[in-house]
Amino acid sequence: MDETEFWELVDAAREAAEGDPEDQADLLVDRLLALDPEMVLDFARHFEARFNRAYTWDLWGAAWILLDGVSDDAFDSFRCWLIGQGREVYEGGVHDPDSLADLLADFDEEIDGDGEELGYAADEAYEQLTGTVAPDLGIPPATSEPLGAPVDLESDRVLAERYPKLWERFRG
């Protein structure tokens, strides 16, 4: 599976789910079940690599603004959700987290930002296809700390200065 096929699966599930992350995860599992187990593992590798790449302080600050505070676990769920938003939103958000103010059409804290189930879709599909737990994906694990310079997440002033567009749109 190449990167384009990965994003096509993500996009097709998101569009069919009409933006509901839980429905998107269920639909993604259904689509993955149509593939052979090795393709499912390829999908999992693409997902995990993007999940790890998004483990940055800059993105954590953006998630903090969008969700009005984010724990470690909630940031994991946010990164899964971000992948679920598709290539343009994901790449834009990772490259320039403040650009999420322009890339997100709308954002509902009750629904958006929590894509935990998306993170399990490939594992679930693989297990249903093979009857066994997915093997190690063979990709480097995420760093123990987010990449980049730490952000003072408790300081409204710091957040407003570092993410002016997000602050204006979602907290201003």
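Good morning, everyone. Before anything else, please keep in mind that the structure above is a predicted model, and that every value I mention has been computed from it.

Let me begin with the overall fold. The protein chain contains 10 helices and 0 strands, and if you follow the elements from the N terminus on, they run α-α-α-α-α-α-α-α-α-α. The radius of gyration is 16 Å, close to the 16 Å that the globule rule gives for 172 residues, so the protein chain is as compact as a globular protein of that length. Along the principal axes, the C-alpha trace spans about 50 × 35 × 25 Å, and of the 172 residues in the chain, 45% are buried.

With a relative accessibility of 0%, which is under the 20% limit, L166 counts as buried. Which separation do we find between the C-alpha atoms of L166 and L66? They are 100 residues apart along the chain, yet the two C-alpha atoms are separated by 7.6 Å.

Now I would like to turn to the aromatic rings. A pair of aromatic rings is described by two things, namely the distance of the centres and the angle of the planes. In this model there are 11 aromatic pairs. Take F75 and F78 as an example: their ring centres are 6.4 Å apart and their planes meet at 15°, which is under 30 degrees, so this pair is stacked. Both residues belong to helix α5, and because they are 3 residues apart there, about one helical turn separates them. Are these two residues buried or exposed? F75 is buried, and F78 is buried as well, the relative accessible area of F78 being 0%. If we go along the chain from F78 to E91, we cover 13 residues in sequence, and the distance in space, C-alpha to C-alpha, is 14 Å.

F75 and F78 also take part in a cluster linked by ring pairs, together with Y55, W57, W60, W81, F107 and F170. Rings in this model meet charges too: the charged end of R50 sits over the ring of F6, at 5.2 Å from its centre, while the charged end of R79 sits over the ring of F51, at 3.8 Å from its centre.

F51 brings us to the pockets. The largest pocket has a volume of about 350 Å³, and 17 residues line it, of which E48, F51, C80, G119 and Y120 are the closest to its centre. Where does the lining come from, in terms of helices? At least two residues are supplied by each of α3 (37–53), α5 (72–84) and α8 (121–130), and α3 gives the most, with 5 residues. Sorted by class, the lining of the largest pocket holds 10 nonpolar, 2 polar and 5 charged residues.

The second largest pocket has a volume of about 180 Å³, and its lining divides into 7 nonpolar, 2 polar and 3 charged residues.

Conventions: Residues are numbered from 1 along each chain as its sequence is written. This is a predicted model: local features need pLDDT of at least 70, side-chain atom pairs count only at pLDDT 80 or more; totals for chains, interfaces and linings use all residues. Side-chain values use heavy atoms; hydrogens and water are left out. On a 1 Å grid over the protein atoms alone, a cavity is a set of points where a 1.4 Å probe fits but cannot get out, and a pocket is an open set with protein on both sides within 12 Å along at least five of seven lines; lining residues have an atom within 4 Å of a point. Grid points are joined across faces, edges and corners, and a volume is the space filled by probe spheres set on the points. Helices (H or I, at least four residues) and strands (E, at least two) are DSSP runs, numbered from the N terminus. Ala, Val, Leu, Ile, Met, Phe, Trp, Tyr, Cys and Pro count as nonpolar, Asp, Glu, Lys and Arg as charged, and the others, Gly among them, as polar. Rings of Phe, Tyr and Trp (its six-membered ring) pair if their centres lie within 6.5 Å; planes under 30 degrees apart count as stacked, over 60 as edge-to-face and the rest as tilted. Buried means under 20% relative accessible area, exposed over 50%, partly exposed in between (1.4 Å probe, protein chains only). A charge sits over a ring if NZ of Lys or CZ of Arg is within 6 Å of the ring centre and within 35 degrees of the ring normal. The radius of gyration is taken over C-alpha atoms; the globule rule is 2.2 Å times the number of residues to the power 0.38.
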